[in-house]
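Me: Got a model open here and I'd like to talk through some side-chain pairs. Can you help me read it?

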Amino acid sequence: MQHARKVVRKLPAPEVFYISAKIIATEMANFEWINGDLLMNILARQFGSNLKRVISYEVNFATKKGDNYASEMYRVKVQLDIGVPIAKSVILKVMPSGEIQQKVMEENSIYSREIVIYGQILPKIYKLLRSIGDVSIISPLCLTTSDTPKPMLVFEDAREQGFQMLDRRIGLDLDHTRLVIVKLAKLHACSRIVYDENPALFELMMEGCITDDPKKQTYLPYYQRCVRQVLRLVSQWNTDGRWEKIRRKLESLHDKIIPYGCDIYRRQHKDSFHVLNHNDIWINNMMFSYGEGAGVKDLLLLDYQLSFYGSPGVDLNFLYGSLQPKVQSAHFPELIQLYHTTLRSILERLNYRGTIPTLPDIHVEIIRKGFHRVNAVFQMLPISMMEHSEDADMDLLLGDGEQSEACRRELFNNPRYVSVLPALLQELDLAGYLD
């Protein structure tokens, strides 16, 4: 585990912008590229000519290692002079340093995709919501983007507004899930109208992260490797033959999981009801705020790196993997009804001219894209239940070779995951998703 140590560095004598900087770093982190000049350039876009200088700043990781797999997140606390001293905290979201991770990011236009969503699509969604008196904020405010010295997005620090992450190992209870469902329905409804007005904005979101494009397949072997781990566990349970049927299906699924995954991201004909799916809607991409004695109050959705324009069944199936088991078993139909009620209400109030899907239509999409639950259970759930995320190395987890295989075995051997997997496999089998 990385332990933070405080490092105080004196910056060169000031010209205009700053006089000193205080950097809180970790033993293994290199924050040299975050400096006074960079912060001036970033914050000048918000404060304009009022910004006189950066007085000091502190840098640290914004998330624990292993809590964010597709980027590196830094929290920068800045003391500014805008005529009077003020404090400001921002989040820098930067492309990850792992070689395999970087290749996946480049293949899927991750950085460009998020710039379009945060910079153009979400502002249009907010404009639509405000037009009907809805003041919802769906995601943290993106202050700016930059390509130097590294590709990055700069966000308001949601912690300053009282938002915090949940323990990913526990899963979402009913109250938290209801909030997620409502925000998701608003995102989906408004995105459909934005698409109808300007389809070109969604160009980077038209292809999913599982694709038969040979230039975009660095990540795909990981899906098969996860099937092998689940198959290994089932084979261990199969001493009396009770798991033989599912074991055989998993053997066959190893060669089918990528074609089945591609089907998730295929759209039906152009008149079908499609939306902007978040497409990575798991617990670590959510932050919640709480009222005094009133429980959970609000939610922000993070990370649109894999966002995809297609069936709403994509998000609704993937979200299923982040719910507590009792919420999955007892409340999922109720949650889908809440999703549909919210979706229909927003579309009607915005005078949507297309055909609004019925509640049965939404259930059909969930079934049609239901194989995404297999992806959620096989790929996302083991990571979300991992006990010691600070020891995680995503490049090692994704990679080939004996060391990577050992890393995956440890991940899937987690007693918390093993305890819920049998019931989930039986459910997936009964639904036909293992065939």
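Me: Which residues are linked in a network of salt bridges?
Reply: Glu244, Arg247, Arg248 and Glu251 form such a network. A salt bridge here is a side-chain nitrogen of Lys or Arg within 4 Å of a carboxyl oxygen of Asp or Glu. Bear in mind that this is a predicted model, where local features need pLDDT of at least 70, side-chain atom pairs count only at pLDDT 80 or more, and totals for chains, interfaces and linings use all residues. Residues are numbered from 1 along each chain as its sequence is written, and side-chain values use heavy atoms, with hydrogens and water left out.

Me: How many salt bridges does the count come to?
Reply: The count is 22.

Me: Ok, what does Asp157 meet in a salt bridge?
Reply: Its partner is Arg75, at 2.7 Å, N to O. Asp157 sits in the loop between strand S7 (152-156) and helix H4 (174-197), and Arg75 in strand S4 (residues 72-81), so the pair ties together parts 82 residues apart in sequence. Helices (H or I, at least four residues) and strands (E, at least two) are DSSP runs, numbered from the N terminus.

Me: Is Asp157 buried or exposed?
Reply: Buried, with a relative accessible area of 3%. Arg75 is buried too, at 9%. Buried means under 20% relative accessible area, exposed over 50%, and partly exposed in between (1.4 Å probe, protein chains only).

Me: Switching topic: where is Arg45 found?
Reply: In helix H1 (residues 36-47). Arg45 counts as exposed, at 52% relative accessibility.
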